[in-house]
Every structure is written in C-alpha cells, then in structure tokens.
Amino acid sequence: MPGNSKSPEQAQRSATGAPSPRSRGEGEDIAIVGGGIIGICAAAFLAEAGLDVTVFDRTGICEETSSGNAAAFAFSDVLPLAHKGMIKNLPKWLADPLGPLSIPPVYLPKLLPWLIRFWRAGAPAKYEASLAAQAGMMKLAEAEWMGLLDRSGTRPMLREDGSLELYESEAEFQASLPGWAARERFGIRFRHVEGEGLAGLQPGLSPRFIKGTFVPGWKTVADPKLLGKAVWAYAEANGARFEMARIDRVAADQDGATLTLADGTTRQARQLVVAAGAWSHLLARQLGDRIPLETERGYNTTLPKSAFDVKRQLIFSGHGFVITPLGTGLRVGGAVELGGIERPPNYARSKALLRKAQKFLPGLNPIGGREWMGFRPSLPDSVPVIGKASGNRPVVYAFGHGHLGLTQAAATGRLIREIILGQTPPVDLAPFSPQRF
C-alpha cells in the first residue's frame, strides 16, 4: 500500500522559504489542471513538499491518454522524432493511409505550420542541443521514477526485461547505427543480435527479421493505468485532493489564478499548473501564450495475455509500433495519426497494426482484443514545455511530452516542484522553455 510518511523535502519545506499552504476558505495552494500521469506525478511531488494540491480533471485519475499507452519507461529513447528517419520516410508513409504516419487530407492545411516547424527541428545544427536536452531529461527521469516507485510502494509494478528492436533487412539495420552510436555517447547500453541470439530473446518471431538490438535498461510497467492510480493514492495519502470537473477557462495575475468550471463556478489558487495533455495549448492561449502543440493520435489493441508469449517489449521501428506484455494483457499499438482532437477515431489503424503483428508473430491469436485511441500532445522539436508562463504570472506549464509522457512524468513532477518552490532545478530548463517558440 502507498505510504503516507513525509519526504525529506516536506520536512525541509519551512527552511526553503516555500509559501505556507492556505486554508480551504482562501482557495487552493496549487491547482493542477489534468489528471493524467504528468499531473499525478506533479501532485505527488508537491504534496510530499507539504503543499495544498488539488487536481482537476473532467473524467478522473488516469482515465484518458495515460490509461492506454504502451507502458514503457523509454529512458534510452533520446532521439527527437525529427532525427529518427521520419523526415526521410515521410513521403512513403503518407502514401499509405494505414501506415506508421497518417495525416487526414482535410487536416493538412491546419497542420502545415506545425510540419514546417517539425522539418526545421530536424536541421543538423539543432541535433546536438535536442539530443543533449533529451538525454539529460531521461537520466533525471530514471532516477526520479525509481525513487517515486519506492516511496509510493509501487516498485513491484516495474518490469526490467529490456526491449528488442527488430530489423527486416541489412539496410534497415545499417540505417539504425548512427542513432545507436548517439545513444552510446550518453552511456546507454545495448547489443546487436542475430540468429540464435535473436531467437533466444523472443522465440516465435517471423524469419523476416534478420537482426535486432537488445536494450537491457529499457523498462515497462505492468499496466500504466493501474500505476497512475497507485501513484495518485500515494499523493492522496500525502494530502492531495481531486475534483472531477471540466475547466473551461483559466485566468491569472500576479496575485493568483482563477479557474472557471463548466458549470460556471470558479476556483481560486495561489499557483496553477497546466498539465492537460493535448488540450493544454488551448488553456495556454487564454493566458496569452501561443505554443505550437499538435496531437499524435495513437491506436492500440489489448489482447488477452494468452494471445502470445511475448518476453519483453518488441519494437518494430520500421512500422512505427510496439508489442508490450502487460500484467493485464498483450498490447499491440503505436503509429501516428496527426489529426487533432476533434476527429472521431479511425480504428482501421488499430486493425492494420494487429494484422501486421500476426505476420510478425506467427501464431498470435488476434481474438478478444479491446481497441483504444489516445492523444499524445506533441511539440515540433519533441521536447516538452516545462516552465513558467509569460507575464510573471503564477502559472507553470507541463505538457507536450509526445509519446514519452509516462517515461518523463516523474522528472517533470520534480521540476515542477523546484519551479514552484523557487529552487534550483537539477537540469537546465532553457531547452524546455515555453518561450522558445
């Protein structure tokens, strides 16, 4: 069960000059908009520090995008999307409406400014800065997640089986080598395998896969939704509260923030954290900050555990999807549909992924699956926004993590705490600035 003992940060709170919590009659100390994994982790870190925290979400704790992701702690995934071959493969992928990347034609005009920013983010001059920022964030993320798992009593939900990335040709394997060399510079361990070594890591693979790369430090969780709810229970035990409500408007001045709920009532807070995932930029715009966030709509199918004996997360990078063994099933999903937040799901995409999985794992039983679609909030440079809003207002942004929200959530929670307490963060926040655009 999650513990409720106070952390060292909470014990030292008065010594840091952190503000004292307000009583309920004076409004919340900290309001967090968003009950996904980013908001949950921020609440956990702030509650540990003794701050009065209330999380607002329209559906519940970890009920939307954070509930159905691929369950990976992808600490070695330091390459921004613009540097992972996506630009080169873009024409080929777009020609296939059910391929790794899809853009509905009617949405393309609206998406074009974001795509231009994405293309510019792939420039060689920006490579090292983006790589260093992500590598530093991932190192912090691993350390903070391991600590939070221990403090919250959730470490038994961690799986440390590594991952296996698979290649169908020598050309595909060779194309991956520069990326592995970049990871190696940051101390990420891996080994390339083939033949019996490949079969030993995952029996039953199709012979179409001639080589693979095993990453021993890659981790997954038994179920991302259950992990999120367990971390929330820990935050709640430390005093965090939840209110189910849709936030329609936010406003802030130097004295605090006002949240307007869908029913017309308002809530006051001394500080506001915007962690509303794919909807965050809409709230930021109300505060005068225009942040170029788009939505990677991801699809998956969760099959029964008996569908196939998958030993560890399998990554089919050439096809843009993964297969993850969970404690609650076998999840087949990924790919990217850049289609915004308004369009209905296109479950033909999840069915296409499942058909590929059957080819890649002969013997996979596709019966009894549950389809799902979620929204990944993505910025063109693949680096999240973590920092203060403009105008010297008591608002902190924490969104835009793309497909790395679960991976980077604990690091983001730590950074939000340091920002709000006025302490020195463990990493340089400049690459994550909301004002960088």
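The model is predicted: local features need pLDDT of at least 70, side-chain atom pairs count only at pLDDT 80 or more, and totals for chains, interfaces and linings use all residues. Residues are numbered from 1 along each chain as its sequence is written, and side-chain values use heavy atoms, with hydrogens and water left out.

The protein chain contains 12 helices and 20 strands. These elements are DSSP runs numbered from the N terminus (helices: H or I, at least four residues; strands: E, at least two). Along the principal axes, the C-alpha atoms fill a box of roughly 65 × 50 × 45 Å. Of the 437 residues, 58% are buried. Buried means under 20% relative accessible area, exposed means over 50%, and partly exposed lies in between (1.4 Å probe, protein chains only). Among contacts between residues at least 6 apart in sequence, 76% join residues at least 24 apart. A contact here means heavy atoms within 4.5 Å.

Helix 5 (residues 108–121) has 14 residues. Its first and last C-alpha atoms are 19 Å apart, close to the 20 Å expected at 1.5 Å a residue. The expected span is 1.5 Å times one less than the number of residues in the helix. Helix 5 has a kink of about 30°, centred on tryptophan 114. The bend at a residue is the angle between axes fitted to the seven residues ending there and the seven starting there. Trp114 is also among the buried residues of helix 5, together with Leu111, Leu115, Phe118 and Ala121.

Helix 6 has 29 residues and reaches 41 Å from its first C-alpha to its last, close to the expected 42 Å. Glycine 153 follows helix 6 and has a positive phi, near 70°. This glycine lies in the loop between helix 6 and strand 5 (158–159). Glycine 153 is partly exposed, at 45% relative accessible area. Its C-alpha atom is separated by 32 Å from that of alanine 132, 21 residues away along the chain.

Most residues other than glycine have a negative phi. Cysteine 62 has a positive phi of about 55° although it is not a glycine. Cysteine 62 sits in the loop between strand 2 and strand 3 (72–73). Its relative accessible area is 1%, so cysteine 62 is buried. Serine 382, likewise not a glycine, has a positive phi of about 65°. Serine 382 belongs to the loop between strand 18 and strand 19. At 14% relative accessibility, serine 382 is buried.

The structure holds 22 salt bridges. A salt bridge is a side-chain nitrogen of Lys or Arg within 4 Å of a carboxyl oxygen of Asp or Glu. One of them joins arginine 241 to aspartate 52, at 2.6 Å from N to O. This pair links distant parts of the chain, 189 residues apart: arginine 241 is in strand 10 (residues 241–244), and aspartate 52 is in the loop between helix 3 (37–48) and strand 2 (53–57). Arginine 241 is partly exposed, at 22% relative accessible area. Aspartate 52 is buried, at 10%.

Arginine 185 forms a salt bridge with glutamate 128, with the closest N and O atoms 2.8 Å apart. Here arginine 185 of helix 7 (residues 170–185) is linked to glutamate 128 of helix 6 (residues 124–152), 57 residues apart. Glutamate 128 is partly exposed, at 40% relative accessibility.

A further salt bridge pairs arginine 436 with aspartate 381, the closest N and O atoms being 2.8 Å apart. Arginine 436 lies in the segment after helix 12 (405–421) and aspartate 381 in the loop between strand 18 (370–378) and strand 19 (385–388), so the pair ties together parts 55 residues apart in sequence. Arginine 436 is partly exposed, at 25% relative accessible area, whereas aspartate 381 is buried, at 17% relative accessibility. Finally, Glu144, Arg414, Arg417 and Glu418 are linked in a network of salt bridges.
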